[in-house]
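Dear colleague,

I am passing on the structure below for you to look at alongside the notes that follow.

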Amino acid sequence: MSTNPQIEDTYTKVASVDDVPRGRGIAVDVDGIEIVVFNVKGEFHALSNRCPHQGAPLYKAGEEKINAEDTWTDSRGGVNEDEVTVSCPWHLWELDIESGEHEVSGKCIGTFDAEVADGDVYVRI
Ligand code: FES
């Protein structure tokens, strides 16, 4: 498959598909805008990387950390691939990955078009 010229014109290449593990997100910067790209069952979605509650970086959802005892902590938050939602790693607000909405509060974050071409992920802001 060749790259769609329209994608090259209006989208920014942000990662290889292999850079985004399934069920996780990565942080990317497009023209100074912090964006998280999630891989949900092989579909790529781009949103603002900042939670609408208190601004947690959403790409850390589901991340495990080494604690002071040098042991791995449980992951906190994460992507629900069946519901297409992400739980924020700080206070577990659950956001719709496709719309950016937090249903309970009515708050919302920006979403961006994401496309795949030639094994790369492109985002349009
Ligand atoms: S900062 Fe995301 S739930 Fe509080």
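**Charged pairs, buried residues and the annotated domain**

Lys-41 is partly exposed, with a relative accessible area of 46%; here buried means under 20% relative accessible area, exposed means over 50%, and partly exposed is in between, using a 1.4 Å probe and protein chains only. This is a predicted model, in which local features need pLDDT of at least 70 and side-chain atom pairs count only at pLDDT 80 or more, whereas totals for chains, interfaces and linings use all residues. Residues are numbered from 1 along each chain as its sequence is written, and side-chain values use heavy atoms, with hydrogens and water left out.

The side chain of Lys-41 meets that of Asp-82 in a salt bridge, at 2.9 Å from N to O. This pair links distant parts of the chain, since Asp-82 sits in the loop between E5 and strand E6 (85–87) and Lys-41 in the loop between E3 and E4, 41 residues apart. Strands (E, at least two residues) and helices (H or I, at least four) are DSSP runs, numbered from the N terminus. Asp-82, for its part, is exposed, with a relative accessible area of 63%.

A salt bridge is taken here as a side-chain nitrogen of Lys or Arg within 4 Å of a carboxyl oxygen of Asp or Glu, and by this rule the count comes to six. As background, side chains of opposite charge can pair when their charged atoms come close. Another of these bridges joins Arg-50 to Glu-34, with the closest N and O atoms 2.9 Å apart. Arg-50 lies in the loop between strand E4 (43–48) and strand E5 (78–80), while Glu-34 belongs to strand E3 (residues 33–40), so the pair ties together parts that are 16 residues apart in sequence. Both partners are partly exposed, Arg-50 with a relative accessible area of 33% and Glu-34 at 39%. Lys-60 and Glu-63 also form a salt bridge, in which the closest N and O atoms are 3.6 Å apart; Lys-60 is partly exposed at 28% relative accessibility, as is Glu-63 at 25%.

Not counting residues up to four places away in sequence, Val-28 touches Val-14, Ile-33, Glu-34, Ile-35 and Val-37. Val-28 lies in strand E2 (residues 25–30) and is buried, at 11% relative accessibility. The C-alpha atoms of Val-28 and Asn-49 are separated by 8.5 Å, although these residues are 21 apart along the chain.

Leaving aside its neighbours within four places in sequence, Asp-120 is in contact with Lys-13, Ala-15, Ser-16, Val-17 and Glu-115.

Turning to the cysteines, Cys-51 is buried at 7% relative accessibility, and Cys-88 is buried with a relative accessible area of 2%. The structure holds zero disulfides, a disulfide being a pair of cysteine sulfur atoms within 2.5 Å.

Finally, an unreviewed UniProt entry places the feature "domain: Rieske" at residues 12–123; UniProt positions are given in the numbering used here, feature names are shortened, and annotations may be inferred rather than shown by experiment. In the model, the end C-alpha atoms of residues 12–123 lie 5 Å apart, and the span is 0% helix and 40% strand.

Definitions and conventions: Contact = heavy atoms within 4.5 Å.
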